[in-house]
Amino acid sequence: MLQGRRVLLAVTGGVAAYKSAFLASRLVEAGAEVKVILTESAGEFIGGQTFAAITGGQPLTSLFGETSVSPHTELARWCDVVIVAPATASTIGKVANGISSDLVSATLLVTQSPVLIAPAMHTEMWEHPATQRNIKTLESDGYLFIGPASGPLAGGDFGMGRMSEPDEIVEAVETILSPDDSALRILVTAGGTREPLDPVRYLGNRSSGKMGHAIADEAARRGFRVTLVTAADMDVLPTVKVVSVETADEMLEAVSGEDADVAIMAAAVADFRPSKLSEGKISRADGLDSIELSPTPDVLASVVARDEKLFVVGFAAETEGVERAIEKALEKKVDLLVYNDVTEPGSGFEGDTNRVVLIDNEGQTDSWPLMSKKEVASLLLDRIVGDLATRG
Ligand code: PMT
């Protein structure tokens, strides 16, 4: 359920820190990629090496100089969710008052991802008006809480203030990261279609599906409801609904059956297919002078024609420059066209990077530098969300 999700576990200084080792282990078992940050006082209760052994990465403890210039911003932007467990009254108080004096509080002030806080402290501290004030502030700022529960506390005490159990926290994170019914519905197409000539051969193209799959993954990571119609065989996050297809006809049929708010058509759909499908393998001895081709359906055109409210993004793999792509954007009547010059090194088919130019429905362009396909996916979704907000 958490397969591929990026979880940042922030551990602060309380005896319940020992339970956070179980929590990290449960998260890893659930398929999450887990990174851990510790406050200095957390280190009094549990060693970083324990988390390193469980997660496969050394936890960070300092704002300064361990691995990068700015670990708090890097981690804050990397994660899909942050869990603070255990969360002490001190860390809760810092974040509620905008204080960023250590790696954990600074990261919490930077992140835009959901934050789940699992408080753990003695009953008197939990019930103190200052703590309760801070909790209310954080709740109204959008922070999520789990627990505390009532039960045995440190030093033989008993009462409210016990950290929630690791399995409950994992369940809460799964709920946070699963798409809700009001989330945007995003339809993505990916990969190159294959148009069969006989049972052995087909007409195809060089699209690997990497660009479309990166978009589907990123959209799912943001909590959107994602359907991926793909001609490629690659893993995606488990919350993505995958419809596998092979030909342009199958892609058209699959796309027609999916309702959506946004359609992102990254697939390289064949423009032509062999007019005749041979039932048996065409033999060399019989010879083949020519292959007659027929046009395939235009999947993108069918989507554009479907509903005026649908926000449609087309892709254009071009070899003749951006001017041709601008004409295509206007002809195809898409809201956005993502142009890649497939003759440029590092751009287009098969690789992990792309350099794209966005063209809007008035032909205005926005050129992005060479970056990974994952970064293109993320910026493209930012742009679509921004355009939808402007549209109202
Ligand atoms: O899969 P990768 O290896 O990562 O590479 C994909 C890519 C990076 C090149 C990708 O971003 C891309 O450009 N894909 C679309 C390539 C393409 O088919 O361009 P086109 O100019 O032929 O088509 C324009 C648009 O019409 C596309 O949105 C395409 O999905 C759509 N189309 C085309 C033909 C057709 N019969 N039906 C369609 O819907």
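Biologist: Let's start with Glu350: what is its relative accessible area?
Modeller: Happy to! This is a predicted model, where local features need pLDDT of at least 70, side-chain atom pairs count only at pLDDT 80 or more, and totals for chains, interfaces and linings use all residues. Residues are numbered from 1 along each chain as its sequence is written, and side-chain values use heavy atoms, with hydrogens and water left out. On a scale where buried is under 20% relative accessible area, exposed is over 50% and partly exposed is in between (1.4 Å probe, protein chains only), Glu350 is partly exposed at 40%.

Biologist: What is the phi of Glu350, and where does this residue lie?
Modeller: Helices are DSSP runs of H or I with at least four residues and strands are runs of E with at least two, numbered from the N terminus. Glu350 has a positive phi near 75 degrees, although the residue is not a glycine. Its place is the loop between strand 17 and strand 18 (353–354).

Biologist: Lys333 has a positive phi too; is this residue buried or exposed?
Modeller: Phi of Lys333 is about 60 degrees, again in a residue that is not a glycine. The residue sits in the loop between helix 12 (322–332) and strand 17 (336–341). With a relative accessibility of 63%, Lys333 counts as exposed.

Biologist: Which residue just after helix 4 takes a positive phi, and how many residues of that helix are buried?
Modeller: The positive phi, about 70 degrees, belongs to Gly98. Helix 4 covers residues 89–96, and the buried ones include Ile92, Val95 and Ala96. The helix is mostly covered, its buried residues coming to seven of eight.

Biologist: Where are Pro86 and Pro148, and what is the omega of each cis peptide bond?
Modeller: Pro86 is in strand 3, while Pro148 is in the loop between strand 5 (144–145) and strand 6 (149–152). The cis bond joining Ala85 and Pro86 has an omega of about -5 degrees. For the cis bond joining Gly147 and Pro148, omega is about 5 degrees.

Biologist: How far is the charged end of Lys35 from the centre of the Trp78 ring?
Modeller: A charge sits over a ring if NZ of Lys or CZ of Arg is within 6 Å of the ring centre and within 35 degrees of the ring normal. The charged end of Lys35 sits over the ring of Trp78, and its distance from the centre is 4.5 Å.
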